[in-house]
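Biologist: I would like to learn how to read a structure like this one. Can we go through it feature by feature?

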Amino acid sequence: MDISALFLTLFAGSLFLYFLRCLISQRRFGSSKLPLPPGTMGWPYVGETFQLYSQDPNVFFQSKQKRYGSVFKTHVLGCPCVMISSPEAAKFVLVTKSHLFKPTFPASKERMLGKQAIFFHQGDYHAKLRKLVLRAFMPESIRNMVPDIESIAQDSLRSWEGTMINTYQEMKTYTFNVALLSIFGKDEVLYREDLKRCYYILEKGYNSMPVNLPGTLFHKSMKARKELSQILARILSERRQNGSSHNDLLGSFMGDKEELTDEQIADNIIGVIFAARDTTASVMSWILKYLAENPNVLEAVTEEQMAIRKDKEEGESLTWGDTKKMPLTSRVIQETLRVASILSFTFREAVEDVEYEGYLIPKGWKVLPLFRNIHHSADIFSNPGKFDPSRFEVAPKPNTFMPFGNGTHSCPGNELAKLEMSIMIHHLTTKYRFGQLLERATGFSMGHSRFPKTDCPLCWPGSRRSKCRMTELPLAFLYLERGD
Ligand code: HEM
């Protein structure tokens, strides 16, 4: 058989299998009297994946929403999906009926982060982990971290003085160090370099093809992951030998009466670093971009922060109380979380056939609450594209503002994230002048025939896009000078 005949046979065979599968599922849904949500499923197998990735995903979702309403079906990345973009539907999936929708991730991601990490679970094991994580990140626990976070922020700022930095990269170092502080307490400096080396290799494989063969990124990642677990096992054994108690996340995990295994602890520590670092660094980068673009807001934030400094001696530390006297800064953080909506959506999977508003969400289908669509709905936030912190002078309506998710899996690190952002903003605005160097960075790089690349897997080295499509994170460079 020549190659084209073989190709045709394979193609016809897979079409046949696809239609057979559709027929079987139709019959199954047929037994339910409910219709599926409106929408289109695209081509066999690929569904509408090309449409999704050939344009900005948010435009794809928005145009679908306009056409089909706030609950619609599609088929992307090999999975039938129901997209939801109303506050009520998001509450249904994430809060009121959360037991009917389990979190779902590709198997390769689970292997990389660790199968026992909090994100992948529901029920008793999830509840137990969540209690331990929340214990370490609630305000009473993190309030004592203010001086240490402050010193990490000051070290970062000092290292940037008089240079041009890639904001996102540098913020990732800052948020990584704060994440380690929250996990290992002051001991973090002892392990920082080893953990950093392994974690940075691990994350490079996060979006790689899951082929575990020597030489592949995935393989290197898995090796780094193993090394990370070994380092963590060493730290655990040192702590057990010392017998002292700690108020950090590791202390919370180790202090549980029904002990977690070393493997469970390692998976969850790697998971928390993963959840804490890029998210917070991304929001911090957006904050700087919006402040640089809105000088009036920057001036008002600087005044607010200066008022806190005014009553302090030179070099005196911030207190937890000071961080609660930053209403405008806090609105800037909220508005940035809304406009940038760095996590556009999350994934769930229906664990059984579910009825929502007269539609059937079949068992096994993915369900995606679209946070960004909700945050950018003109019915909820007037003039949604505009950066306007004053809109948060009035609290948003319930379930309309979910940068940290909602319900059972909502972000347990949100207080820490807001705290480390406030501290960074305090020192940045009170001691430095800074400018956004997007223009200069672009010119500079083109002049040297190379282009700065982002970390996004969809942005290849040499890409001439000034905006990353997936995260829309601009290639923002910051120039920092001491203000005095
Ligand atoms: C601005 C920064 C952050 C944003 C925007 C953010 C956002 C989110 C969102 C939306 C979720 C829920 C995902 C879902 O429902 O599927 C989540 C979960 C989570 N976040 Fe964050 N997060 C941030 C920072 C942090 C930090 C600093 C930590 C830890 C120190 C953290 C730890 C976690 C963990 C452990 C979960 C999983 C909770 C569970 O499954 O029960 N996050 N985050």
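Biologist: Is Cys411 buried, partly exposed or exposed?

Modeller: First, a caution: this is a predicted model. Cys411 has 30% relative accessibility, so it counts as partly exposed.

Biologist: And Cys81, buried or exposed?

Modeller: Buried means under 20%. Cys81 has a relative accessible area of 2%, so it is buried.

Biologist: How many disulfides does the structure hold?

Modeller: For a disulfide, two cysteine sulfur atoms must lie within 2.5 Å. The structure holds 0 disulfides.

Biologist: Now the ligand. Which residues are closest to it?

Modeller: The ligand is surrounded by 26 residues, and the closest are His126, Thr346, Arg348, His409 and Cys411. By class, the shell has 15 nonpolar, 9 polar and 2 charged residues.

Biologist: Which helix gives the most to that shell?

Modeller: That is α13, with 6 residues. At least two residues each come from α6 (123-137), α13 (262-293) and α18 (414-431).

Biologist: Which side chains have a polar atom by a ligand oxygen?

Modeller: For a polar contact, look for N or O atoms within 3.5 Å. Thr346 places a polar side-chain atom 2.5 Å from a ligand oxygen. For His409, a side-chain N or O atom is 2.6 Å from an oxygen of the ligand. Arg130 has a polar side-chain atom 2.8 Å from a ligand oxygen.

Technical notes. Residues numbered from 1 in each chain as written. Predicted model: local features only at pLDDT ≥ 70, side-chain atom pairs only at ≥ 80, totals over all residues. Heavy atoms only, no water. Buried < 20%, exposed > 50% of the residue type's maximum accessible area, 1.4 Å probe, protein only. Near = heavy atom within 4 Å. Polar contact = N/O pair within 3.5 Å; in protein donor to acceptor, adjacent residues only side chain to side chain. Helix = DSSP H or I, 4+ residues; strand = E, 2+ residues; numbered from the N terminus. Nonpolar A, V, L, I, M, F, W, Y, C, P; charged D, E, K, R; others polar.
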